[in-house]
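Welcome! Take a look at the structure below, and then we will walk through it together, one part at a time.

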Amino acid sequence: MTEHASQLPEPPRPEPPLEHRPYWDGLREHRLVLQRCARCGKLRHYPRPLCDACYSMDVEWSEVEARGTLHSWTVTHHPFHPGFKRQVPYCTVTVDLAEGVRLQAPLRDASAAALEPGMAVTIDYEDIDAELTLPCVRLVGRA
Amino acid sequence: MAGAFSLADKAVVSGVGETVFARETNRSQLALTLEASLAAIADAGLDPKDIDGVIPYGAGGIVAEDFITNFGLPDLRYSATTPMGGASPVAALQSAAMAVATGVARHVLVALGRGSIAGGRITKRLAEMPQMRIVGEFEMPLGTNAPAQFYAHMARRHMLLYGTTREQMAEVAMTCRRHAQMNERAMMRKPMTREDYFAARMIAEPFGLFDCSLESAGGCAVVVSSAACARDLRQAPVWIGGVAEGHPDSPSAITQRPDMTRFGIAKAAPKAFAMAGVSHADIDVAEIYDCFTWVVINQLEDLGFCAKGEGGAFVEGGRIGLGGELPINTHGGLLSEAHIAGMNHIVELVRQLRGQCGERQVADAEVGLVTGFGDLGDGALAIMHR
């Protein structure tokens with residue numbers, strides 16, 4: 001079966017509920033903005049209604065440092081979603097953010113063969129269109 | 001746990017059954033579920049109208065009402081679902097055992113059918129599940145869309161922490177394939193060499209094609225009956241000695257899990273072993289959920305057959321093959337028999353403990369273990385004996 005690139009669907013888009021908007025709005029402004037418990041201050045990602053430490057439902061959103069270290073990764077060869085057929089093979093990494101939670105995003109400008117656990121990385125931003133910006137990851141010193 | 005009600009030997013698996021396994025079928029999920037159910041009920045020596053409890057597969061489109069309608073059940077007294085992906089069938093054994101131990105029901109049917117994959121490929125099925133909402137928002141748009149990719153991050157982490165290798169993962173794939181060659185129902189019976197394993201295309205590193213389970217159409221079912229009626233049934237009863245389910249931390253997002261290499265089954269295993277009153281050395285045969293080769297290695301650790309990080313070495317040297325210290329997946333598993341979400345693992349363990357497995361029979365199998373794994377890390381195990 002041959003498929004022309006123009007016929008391939010786009011990757012799936014996030015459909016965030018209202019409560020998650022500050023995260024996605026932050027990405028659009030090229031800032032990493034995460035949810036934090038407004039009572040006890042515990043940072044959490046992914047967003048959720050309740051703090052599992054103090055059970056408060058009061059939340060605030062705060063910008064965190066867009067850097068961290070490599071926790072794990074994979075290189076995808078099989079396009080499970082047709083929207084990624086043009087991109088295979090691509091590397092996706094799990095990052096320990098400096099402030100404690102993790103983020104998963106595609107690696108840019110580096111080969112997976114060069115990766116080692118604990119390597120320093122920065123989070124960068126890719127504007128998909130006017131409404132959507134997605135995070136990506138770059139090795140420190142290769143940006 | 002002191003004083004907790006124990007399910008030990010309160011329930012038996014009285015019947016097991018399945019359909020033909022294939023890659024494609026023109027039959028519906030419901031038809032496959034019912035055909036497997038009829039086979040299991042007949043195996044138990046029961047009539048469909050004897051069924052008074054039903055646990056359909058949580059992730060499927062089949063509901064208890066389908067069984068009332070098709071069997072003409074006069075009085076269904078218990079129904080439940082255990083929506084834990086591939087851990088659902090084994091978790092359902094716990095729920096069924098609870099139902100018959102308390103007298104709520106006498107014969108609980110646990111049934112699962114999977115229709116053709118055409119039009120229902122894994123990424124589509126996954127994206128529609130409520131427990132996938134979070135990864136659907138935060139990971140799928142970035143290119144992580146299927147279990148092979150979600151679990152690849154865990155497997156890589158295990159390799160980084162403990163030095164686990166693809167050579168060791170190949171042992172799992174080749175062992176399952178060898179066992180499948182002795183199973184006429186198995187979808188994949190062609191011999192697999194180490195060269196075949198390494199020559200296969202990569203899917204999501206470190207997983208190559210032969211690290212990944214099959215996609216299958218078919219059905220499996222088991223009947224769980226109360227201990228009180230065990231002796232009246234057609235087959236020798238297989239007793240549920242210990243059973244438990246467990247959920248990992250951060251169950252809906254592996255990315256945020258403090259220790260990516262600790263599955264929910266790590267929490268369940270000590271409870272099931274204590275309930276059954278057996279040790280790891282007592283286990284004669286184990287059917288370990290094998291959606292991916294590495295998932296077997298990690299479960300062997302979380303089950304306590306070896307220490308964390310030693311699962312790779314554990315599967316080397318023929319230990320997990322027939323004739324080895326701990327034969328696993330004697331039917332070929334999800335990797336080589338069929339992917340019936342692990343209900344086929346329960347069916348196989350029951351037949352092993354009845355001594356019905358012919359060429360692939362583990363000699364004198366008295367005590368066995370079956371696990372389920374799914375939904376990004378949920379787990380369940382049952383320890384059974386004859």
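## The sheet of chain B

In chain B, nine strands make up an open sheet with mixed pairing, in the order β3-β2-β4-β7-β1-β8-β11-β10-β9. Strands here are DSSP runs of E with at least two residues, helices are runs of H or I with at least four, and both are numbered from the N terminus. Two strands pair if DSSP finds at least two bridges between them. At the edges are β3 (78-79) and β9 (285-287) of chain B, each pairing on one side only.

Strands β4 (residues 107-114) and β7 (residues 218-226) of chain B pair in the antiparallel sense over eight bridges. B:Val108 has B:Val224 in β7(B) as its bridge partner.

This is a predicted model, in which local features need pLDDT of at least 70 and side-chain atom pairs count only at pLDDT 80 or more, while totals for chains, interfaces and linings use all residues. Residues are numbered from 1 along each chain as its sequence is written, and chains are lettered from A and ligands numbered from 1 in the order in which they are written.

## Where the chains meet

31 residues of chain A are in contact (C-beta atoms, placed from the backbone, within 7 Å) with 28 residues of chain B. On the chain A side, β4(A) gives the largest share, six residues.

## A look at B:Thr144

B:Thr144 sits in the loop between α5 (133-138) and α6 (147-162) of chain B. Beyond its neighbours within four places in sequence, B:Thr144 is in contact with A:Thr92, A:Gln104, B:Glu139, B:Gln149 and B:Phe150.

How values were computed:
Contact = placed C-beta atoms within 7 Å.
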